[in-house]
Amino acid sequence: MPLPKVLRWFWIGSLSAFGLTLLVACLEYRAGMNLYRWSGFDTPYFRDLIQDMPTFRLLHTAAFFDWTNPSPVAYPPFGAVQLALLYSSGHPVIFFLVLAAAWLSLALWGVRRTLMENGIDGRVATFFPITVALISFPIERLVVQGNNEIFLWIFAAAGAWAYLRDHDDAAAIFWGLAAASKLYPAVLLVLLLARRKFRAFTIGVLVFVAVSALAAAYLGPDLATAWKGSLQNVFGYQLLRAAELSTRELNANHSWFLLVKFAAAVSGISAQKLVKSYYLCGGLLFAAVFFGRLRKMPVANQLLGASVFMLTLPTISYFHTLVNLYAPLLVLFFVAIRADRAGVRIAGLSTAILLFVPLFASFQLFTFPTVFLYCGIMQAILLLILFLYAVQYPFAEPAPG
């Protein structure tokens with residue numbers, strides 16, 4: 001059985017976007033752009049991984065949480081422990097690359113196996129996910145930056161896998177670990193409330209609290225100092241960057257707050273003063289949309305809507321966070337395969353899938369300041385459209401037979 005038409009178009013579109021990226025990169029390099037820009041990356045390799053190494057020499061002391069450090073660690077306690085784990089090997093870059101390779105290999109094997117179980121030809125089931133992974137900019141960016149989002153991605157994706165197989169307690173544990181890594185994946189736990197799995201939800205919250213407390217105790221010098229210092233650094237960094245409206249933010253930040261910042265700048269209002277209201281309004285709006293509509297919709301809609309929201313609500317959300325959209329995209333893939341097999345047309349599904357082509361393409365294709373085109377703004381708008389599709393069109397599995 002071949003891939004459905006929409007998946008073939010997705011494949012062709014992704015390959016075309018990658019080829020166009022290489023063309024644009026070569027032209028810009030010949031025009032005098034720097035090497036990082038030519039290679040598709042505008043920062044030194046593994047910067048996110050190695051920049052905090054000097055600060056970790058202060059581990060287990062109050063000085064570790066000092067905001068005036070040259071590179072303060074702006075992660076929750078469990079996220080900081082993940083960096084400490086990488087550094088403890090003595091070769092953090094190699095450790096990170098081995099972890100990334102192992103995770104991607106496992107994920108690609110799982111996707112290939114599931115494609116074949118759904119009747120897709122073995123060669124296609126092999127080359128389709130491999131090529132998509134190799135040319136998808138969020139994965140490339142995550143690996144080249146060396147960002148510890150790799151841990152969050154593993155936990156969030158494993159939780160989605162468990163959730164789709166009705167292993168709700170396991171999903172809660174994985175999502176609790178993801179939330180402890182960077183806070184925003186706590187949004188995924190609401191999916192358990194949609195199923196009225198209150199025990200699993202409680203397990204997820206307890207895992208988040210327990211892991212965070214243990215990680216803070218490890219960071220030292222005591223739990224209270226570590227917890228307070230970590231949160232001050234996390235939210236201090238968020239607040240500091242909330243007022244920034246630089247080229248970097250316009251290029252890389254796909255947060256919906258970017259649109260708020262732009263409107264605030266035009267109106268002459270301080271964006272920092274809007275942060276609390278933004279989070280409050282965003283949280284209330286999502287709660288109303290989720291419990292008013294999304295919870296009654298198919299699992300594909302719930303996972304997609306929650307995943308998009310958790311990536312766009314934080315005031316800072318860069319390229320590499322988009323890796324967390326591969327799980328809901330794969331769910332849409334398999335809905336499309338089964339619908340194609342059953343001869344059923346699902347409204348909005350093809351458009352939702354094809355929206356991922358520009359989302360996963362390199363920022364170079366959407367960054368041309370001379371015509372005021374910036375990737376971050378484009379991605380924020382695309383993610384808003386994708387969220388509206390998740391809310392509007394039910395992506396239900398076709399009935400068997």
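Student: Is cysteine 26 buried or exposed, or something in between?

Tutor: Cysteine 26 is partly exposed, because its relative accessible area is 39%. Keep in mind that this is a predicted model.

Student: How many disulfides are there?

Tutor: The count is zero. Cysteine 26 is in no disulfide, and its nearest cysteine sulfur belongs to cysteine 375, 19 Å away.

Student: OK, helices. How do the axes of H8 and H9 cross?

Tutor: Helix H8 covers residues 149–164 and helix H9 covers residues 168–182; their axes come within 8 Å and cross at roughly 160°. That angle makes H8 roughly antiparallel to H9, because anything over 145 degrees counts as such.

Student: And which hand does the crossing have?

Tutor: H8 passes H9 in a left-handed crossing.

Student: Which residues meet there?

Tutor: On the H8 side they include Glu149, Leu152, Phe155 and Tyr163. On the H9 side they include Phe174, Trp175, Leu177 and Lys182. Several alanines take part too, among them Ala156 and Ala160 in H8 and Ala171 and Ala178 in H9.

Student: What sits in the loop between H8 and H9?

Tutor: Aspartate 166 is found in that loop. Its phi is near 65°, a positive value in a residue other than glycine. Aspartate 166 counts as exposed because its relative accessibility is 54%.

Student: Where does arginine 196 lie, and what is its phi?

Tutor: Arginine 196 is in the loop between helix H10 (190–194) and H11. Its phi is positive, about 60°, although arginine 196 is not a glycine. At 62% relative accessibility, arginine 196 counts as exposed.

Student: While we're on backbone geometry, which peptide bond is cis at proline 221?

Tutor: The one from glycine 220 to proline 221, with omega near 0°. Proline 221 lies in the loop between helix H11 (198–219) and helix H12 (223–242).

Student: Switching to H7. Why is it described as largely enclosed?

Tutor: Because seven of the nine residues of helix H7 (residues 137–145) are buried, the rest of the structure largely encloses it. The buried residues are Phe137, Pro138, Ile139, Arg141, Leu142, Val144 and Gln145.

Student: What do they pack against?

Tutor: Six helices are listed by name: helix H3 (47–50), helix H5 (92–117), helix H6 (122–135), H8, H17 and helix H19 (356–359).

Student: And what follows H7?

Tutor: Glycine 146 follows H7, and its phi is positive, near 70°.

Student: Next, histidine 320. Where is it?

Tutor: Histidine 320 lies in the loop between helix H16 (299–312) and helix H17 (326–342). With a relative accessible area of 8%, histidine 320 is buried.

Student: What does its side chain make a polar contact with?

Tutor: The side chain of histidine 320 makes a polar contact with the side chain of asparagine 147, at 3.4 Å. Leaving aside neighbours within four places in sequence, histidine 320 is in contact with Asp48, Pro138, Arg141, Leu142, Asn147, Glu149 and Lys182. Of these, Pro138, Arg141 and Leu142 are buried residues of H7, while Glu149 in H8 and Lys182 in H9 belong to the stretch where those helices meet.

Student: Last one, alanine 263. Which helix is it in?

Tutor: Alanine 263 is in helix H14 (residues 257–267). It counts as partly exposed, at 40% relative accessibility.

Student: How far is it from serine 350?

Tutor: Alanine 263 and serine 350 are 32 Å apart in space, C-alpha to C-alpha, and 87 residues apart in sequence.

Terms used. Residues numbered from 1 in each chain as written. Predicted model: local features only at pLDDT ≥ 70, side-chain atom pairs only at ≥ 80, totals over all residues. Heavy atoms only, no water. Helix = DSSP H or I, 4+ residues; strand = E, 2+ residues; numbered from the N terminus. Buried < 20%, exposed > 50% of the residue type's maximum accessible area, 1.4 Å probe, protein only. Polar contact = N/O pair within 3.5 Å; in protein donor to acceptor, adjacent residues only side chain to side chain. Contact = heavy atoms within 4.5 Å. Disulfide = S-S within 2.5 Å. Axes fitted to C-alpha atoms, helices over the stretch in contact; angles between N-to-C directions. Parallel < 35°, antiparallel > 145°, perpendicular 65-115°, else oblique. Left-handed = near helix turned anticlockwise from the far one by under 90°.
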